[in-house]
Amino acid sequence: MPQLPDALEHGPPETREVFRKVAASRGFVSNLLRSLGHAPEGLNRFMSLGHYARYGTELTEMQRELVVCIIGRNIAYAWAHHAPMAIQAGLSESQMAELKSGRTPSGLAETERALCDFAFGFSTLKGVPAEAWAALKRHFTPRQCTDIALLAAYFLAAGSLIIGMELETEPPEVLAQEVAWQAKPRDASGQVQSVPNKAI
Amino acid sequence: MRLPEADPAQSPELEAAYAAFRDTRGVVSNVMKSFGHAPAGLSAIVELGSYCRFGSDLTELQKELVILITGRGVAYAWHHHEPLGRQAGLTEAQLEALCVGRVPEGLSEVDTAICDYVLAYSSLKGVPEPVFARLTALLAPRQITDINIISGYYLCIASSVIAMEVRPDPTPVRDAATGFHQNAGRGRT
């Protein structure tokens with residue numbers, strides 16, 4: 001399995017401070033972001049883009065998780081992290097099963113259906129059909145359309161890292177903490193006020 | 001482009017994001033304009049892109065190898081980075097090889113290892129163990145991490161270019177960006 005030495009132990013001293021910033025944003029340091037620890041400034045900026053994707057867009061929780069789960073539907077690590085958040089946002093188990101099999105889930109509102117059709121088109125890397133674009137623009141503002149594209153693009157980049165580095169999924173208790181963290185109230189910048197004093 | 005162009009005159013936040021990009025690249029390219037309706041998201045993209053261009057621990061040639069391999073098949077990426085690859089020392093024959101997904105002949109051992117790795121990494125199908133082992137024998141963990149960040153960033157950009165149907169910038173704009181990169185852009189993160 002591709003693996004680099006532990007960045008906290010063998011990386012530069014700046015890594016520890018950036019891991020603290022990651023924990024302040026996400027509640028913990030995932031194996032995904034930990035894998036970038038040898039380049040702390042690169043991690044800092046990658047993490048900041050992810051912070052925007054998670055907490056800065058003009059999308060609802062459900063809309064965001066629909067996009068993330070569609071992009072990551074064939075990546076076990078991504079699914080393990082985001083399927084529980086999608087369910088927390090209101091999707092049912094059967095809707096998640098449809099989504100995982102590559103179909104827009106039944107029972108969604110027209111707005112969310114348009115979003116799913118767009119995200120499935122995005123994930124092909126072959127272009128989004130004109131009808132899907134037209135439906136998206138009927139239901140979302142240009143800002144929201146941009147957020148959807150940016151979110152999908154960021155999670156494709158994250159997916160490439162997961163696949164390339166064969167990242168292991170964290171234990172269930174860590175995933176549960178992440179789901180709880182996602183539901184916490186935040187300030188305008190997306191930060192939770194109380195940052196855990198847990199190990200990074 | 002699928003969305004109307006955002007007007008920076010209507011948004012100080014967008015004007016600031018464009019200014020930051022112009023400061024490190026000389027022009028505001030069409031792909032950055034495609035994110036213009038979400039200025040805070042654009043700023044985060046600009047910051048990460050600046051790191052990829054100017055903050056990594058890779059040579060100019062190594063960076064362009066990563067970008068050209070990740071962006072091959074995407075006209076926009078090739079239009080912008082083929083000249084930068086040439087500027088970094090790649091020959092026409094080497095560029096042709098990259099364009100069709102082959103490792104160019106005549107590269108050093110380390111640059112060949114980078115090409116093998118990025119071809120596998122950007123396929124999204126996993127990296128064979130021998131390819132990764134060779135890379136770790138030749139590069140520091142920091143450099144391998146930089147390769148992952150750069151390839152991921154350009155996959156992010158390329159996927160958005162495809163979905164948003166972003167047109168390549170006119171050649172004079174592209175050439176201005178290439179010249180800026182050579183003369184003034186380095187050292188800016």
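Me: What is the average pLDDT of chain B, and how many of the residues score at least 70?
Reply: Chain B averages a pLDDT of 94, and 97% of the residues score at least 70. The term pLDDT denotes the predictor's confidence in each residue, from 0 to 100. The model scores ipTM 0.94 and pTM 0.94. This is a predicted model, in which local features need pLDDT of at least 70, side-chain atom pairs count only at pLDDT 80 or more, and totals for chains, interfaces and linings use all residues. Residues are numbered from 1 along each chain as its sequence is written, while chains are lettered from A and ligands numbered from 1 in the order in which they are written.

Me: Why are H1(B) and H3(B) called roughly parallel to each other?
Reply: Helices are DSSP runs of H or I with at least four residues, and strands are runs of E with at least two, numbered from the N terminus. Helix H1 (residues 12–25) of chain B and helix H3 (residues 39–55) of chain B pack at an angle of about 10°, with their axes 9 Å apart. Axes are lines fitted to C-alpha atoms, for helices over the stretch in contact, and angles run from 0 to 180 degrees between N-to-C directions. Angles under 35 degrees count as roughly parallel, over 145 as roughly antiparallel, 65 to 115 as roughly perpendicular and the rest as oblique. The pair H1(B) and H3(B) is therefore roughly parallel.

Me: Which residues of H1(B) meet residues of H3(B)?
Reply: Among them are B:Leu14, B:Ala17 and B:Phe21 in H1(B), and the H3(B) side includes B:Leu42, B:Val46 and B:Phe54. Two residues are in contact if their C-beta atoms, placed from the backbone, lie within 7 Å.

Me: What makes B:Gly126 partly exposed?
Reply: A residue is buried if 20 or more other C-beta atoms lie within 10 Å of its own, exposed if 12 or fewer, and partly exposed in between, with C-beta atoms placed from the backbone. B:Gly126 has 15 other C-beta atoms within 10 Å, and is therefore partly exposed. This glycine is found in the loop between H7 and H8 of chain B. Leaving aside its neighbours within four places in sequence, B:Gly126 is in contact with A:Ile163 and A:Glu166.

Me: Why is A:Glu166 called partly exposed?
Reply: A:Glu166 has 15 other C-beta atoms within 10 Å, so it is partly exposed. A:Glu166 belongs to the loop between helix H10 (142–164) and helix H11 (172–182) of chain A. Its phi is positive, about 45°, although A:Glu166 is not a glycine.

Me: What makes B:Leu124 partly exposed?
Reply: With 16 other C-beta atoms within 10 Å, B:Leu124 is therefore partly exposed. B:Leu124 lies in the loop between helix H7 (109–121) and helix H8 (129–138) of chain B. Phi of B:Leu124 is near 60°, a positive value in a residue other than glycine.

Me: How many residues of chain A are in contact with chain B?
Reply: In chain A, 38 residues are in contact with 38 residues of chain B. H10(A) gives the largest share of the chain A side, 17 residues. By class, that side has 24 nonpolar, nine polar and five charged residues.

Note on methods. Nonpolar A, V, L, I, M, F, W, Y, C, P; charged D, E, K, R; others polar.
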